[in-house]
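Hi,

Here is the structure I promised to pass on. Have a look at it first, and then read on for what turned up.

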Amino acid sequence: MKPIFSQQQSLATRFVLLTLLSLGLLFVDHSFNYLSVVRNWMTAAATPVQFLADIPSRVWGVADEIVTSRSDLMEDNARLKAKTLILEQKVQKLASLTAQNIRLRELLNSSELVDEQVLVAEIVGVDPDPFRHIVTINKGSLNDVFEGQAIVDAHGVMGQVIEVTPLSSRVVLVTDNSSRIPVQVNRTGYRAVAAGTGLPDSMELMHIPDTADIREGDLLTSSGLGQRYPAGYPLGKVRKVTHNPGDAFASVEIQLLAEVNRSRFVLLVFRTPHESIPGQSVEEAPEENTGQTTGEQQGEGS
């Protein structure tokens with residue numbers, strides 16, 4: 001006698017049930033965000049797997065350093081010594097300018113922040129989606145990392161944290177199509193918004209009037225508006241300015257300074273005590289520069 005339900009029918013039934021269950025879980029998570037805690041713990045559980053997957057790259061790097069010839073090491077050593085001398089000379093100038101800046105701000109009865117608290121993190125994963133520029137770093141909530149925290153490398157702004165788990169965090173890079181950064185032109189102080197283009201090394205300025213004073217080679221730095229990226233960090237240089245006849249806006253391309261596709265180690269920048277926290281009202285934010293006169297405030301506003 002043949003069984004009423006064959007093995008193939010049982011597998012098909014189970015497949016349909018599992019598919020419906022998966023779709024139901026996706027709908028519930030997307031609509032009500034009930035599974036965020038489960039997802040965070042699963043991400044934390046998968047962190048050791050990411051570290052294990054990164055071991056071959058680490059081993060290869062160590063082996064490559066071991067087999068480097070003596071002549072290459074001597075050449076690198078000479079080049080690094082020369083760069084160290086140049087950097088030391090720049091640090092001497094920077095120290096002088098910093099001291100002068102502090103004295104000027106003291107005369108204006110305002111405060112000056114010389115250093116900011118940072119935390120070194122390492123990139124341990126890259127999102128495989130070619131349309132999303134997202135990486136994973138090895139620092140999480142246990143290291144006081146928070147959503148919206150700015151990420152920089154040795155050259156400039158790289159992105160911001162969008163998701164935090166206990167042991168790791170996900171970072172969206174500035175080149176992602178969803179990225180927006182308030183910037184200003186270092187030469188003139190002109191404020192604008194830089195947008196990601198999806199390309200690995202460039203961004204563009206949004207809605208720039210055709211008459212704006214922006215030139216090729218101008219340095220763009222974060223303006224601090226929006227309370228996401230601290231002010232003063234370099235973003236990139238203007239690579240090309242295109243004026244199309246009949247258009248009210250110019251096309252401005254930015255060459256990024258940060259090595260978003262090559263940097264391995266990054267810095268998480270923590271907010272300074274005088275910077276307000278996202279979601280904090282104006283009344284709750286610390287009061288600053290209360291000694292400024294009306295004329296000074298009008299001068300800053302202009």
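The lining of the largest cavity splits into five nonpolar, two polar and two charged residues (nonpolar means Ala, Val, Leu, Ile, Met, Phe, Trp, Tyr, Cys and Pro; charged means Asp, Glu, Lys and Arg; the others, Gly among them, are polar). Those lining residues are F146, G148, Q149, A150, R228, P230, V269, F270 and R271. The volume of this cavity is about 30 Å³, and the count of cavities of 30 Å³ or more comes to one. On a 1 Å grid over the protein atoms alone, a cavity is a set of points where a 1.4 Å probe fits but cannot get out, while a pocket is an open set with protein on both sides within 12 Å along at least five of seven lines; lining residues have an atom within 4 Å of a point. Points are joined across faces, edges and corners, and a volume is the space filled by probe spheres set on them.

Before going further: this is a predicted model, where local features need pLDDT of at least 70 and side-chain atom pairs count only at pLDDT 80 or more, but totals for chains, interfaces and linings use all residues. Numbering starts from 1 along each chain as its sequence is written, and side-chain values use heavy atoms, with hydrogens and water left out.

Next, the second largest pocket, which has a volume of about 270 Å³. It has 19 lining residues, and V126, V135, L173, V260 and N261 are the closest to its centre. Strand β1 (118-126) gives the most to this lining, with four residues; β1 and β2 (134-137) each supply at least two. By class, the lining holds eight nonpolar, five polar and six charged residues.

Now for the strands (DSSP E runs of at least two residues, numbered from the N terminus; two of them pair if DSSP finds at least two bridges between them). β7 (residues 191-196) and β8 (residues 202-209) run antiparallel, joined by three bridges, and A194 sits opposite L205 in β8. The two form a hairpin with five residues between them, and G198 in the turn has a positive phi of about 85°. β8 also pairs with β11 (residues 249-256), antiparallel over six bridges, where E204 has E253 as its bridge partner.

Elsewhere, β9 (residues 219-222) is joined to β6 (residues 180-185) by three antiparallel bridges, with V185 partnered by L220. β9 pairs with β10 (residues 234-242) too, antiparallel over three bridges, and L219 stands opposite K237 there.

Cheers
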